Amino acid sequence: MNVIAFASRKGGTGKSTLAAHLAVQATMAHRSVLLIDADPQGSLSLWHEIRGKEQPALRRATRGTQEAVKSAAREGHEWAFIDTPPNLSASVSDAIRLATLVLIPCRASVFDLTAIVETIDLCRKLNRPYSVIFNAVPSKRSDAEAAIVSDARHGLTAIKAPVWSGQITHRADYCFALGAGAGAREFGPDATAANEISRLWSVIERSVKAINEPANPRTLGKQASPRSAVVHQSSGPQAAGGEHGRKRLPTPAVDERT
Ligand SMILES: Nc1ncnc2c1ncn2[C@@H]1O[C@H](COP(=O)(O)OP(=O)(O)OP(=O)(O)O)[C@@H](O)[C@H]1O
Ligand SMILES: [Mg+2]
């Protein structure tokens, strides 16, 4: 089973929002997903209640994140998405430790960038692959990202943090959809929001596949080639272990450059 942890020490960066939209996206692609709400605020649980549907399934991590992940695996889910609170508590560490890949949503502001460094450090300390996802950022103009996003990207690159090359734009559709208990794909299948979520989901799947591949030199060499890479593999201080720390792989940045 693949475990995605949504983590960020900063509040309001979009952890619950991305977890909900991506879970719907994955469910519609016939993946079996369990959402684990490890945040006492219960935002994801509220969305699920409004939704009133069985899929994707949701469980509150009342008996701990580890127990919830174990039962998700026992029940045969392919994916577990863990939504965590905006802090560095034990439950966040547990989620990161259990994650195949940690997604760190981040707005492009100095407050957000400063705060997520602590989450990045925690991923590095726990040796887990992670990627920063720009969320709720200004829209692109003629395919060029806003200056504030480029600046933020440069800042993160300077500390060798893997960052998704795309972005989730600030769009009312994301909020309207959540209020209706829906995901972007259900709310407006042809809308730009749905396309952004779809692109993010497909690079997550490819990144996780790369993480789970045996760490043999041929495979890594192939992935590292700029032409054939489905995920950008970067080494450096953030080099992380593979699943359960058995394998050693460079941290994959969720990246759609091919
Ligand atoms: N891409 C987006 N476009 C517009 N609004 C967004 C976007 N992402 C998140 N929001 C809004 O920002 C607010 C915070 O989002 P969300 O609750 O998902 O963040 P969070 O990181 O889970 O917060 P917390 O740390 O408090 O759990 C919500 O009102 C949500 O609807
Ligand atoms: Mg939340």
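**View 1. Helix 9 and its span in a predicted model.** Helix 9, which covers residues 192-212, has 21 residues and reaches 30 Å from its first C-alpha to its last, and this is close to the 30 Å expected at 1.5 Å a residue, where the expected span is 1.5 Å times one less than the number of residues. Helices here are DSSP runs of H or I with at least four residues, strands are DSSP runs of E with at least two, and both are numbered from the N terminus. The buried residues of helix 9 include W201, I204 and I211, and also E196 and S207; a residue is buried if 20 or more other C-beta atoms lie within 10 Å of its own, exposed if 12 or fewer, and partly exposed in between, with C-beta atoms placed from the backbone. This is a predicted model, in which local features need pLDDT of at least 70 and side-chain atom pairs count only at pLDDT 80 or more, while totals for chains, interfaces and linings use all residues. Residues are numbered from 1 along each chain as its sequence is written, and chains are lettered from A and ligands numbered from 1 in the order in which they are written.

View 2. Seven strands form an open sheet in the order 3-2-4-1-5-6-7, with parallel pairing; two strands pair if DSSP finds at least two bridges between them. Strand 3 (57-60) and strand 7 (168-169) are the edge strands, since each pairs on one side only. Helix 9 packs on this sheet and touches strand 1, strand 5, strand 6 and strand 7, and its direction makes about 150° with that of strand 5. Angles run from 0 to 180 degrees between N-to-C directions, and axes are lines fitted to C-alpha atoms, for helices over the stretch in contact.

View 3. I4 stands opposite F81 in strand 4, while its bridge partner in strand 5 is L101.

**View 4. The contact of helix 3 with helix 4.** Helix 3 (residues 65-74) and helix 4 (residues 90-98) pack at an angle of about 35°, with their axes 9 Å apart. T65, Q66 and V69 in helix 3 meet S91, D94, A95 and L98 in helix 4, where two residues are in contact if their C-beta atoms, placed from the backbone, lie within 7 Å.

**View 5. V110 in helix 5.** V110 lies in helix 5 (residues 110-125) and is exposed, with 11 other C-beta atoms within 10 Å. The C-alpha atoms of V110 and G155 are separated by 10.0 Å, although these residues are 45 residues apart along the chain.
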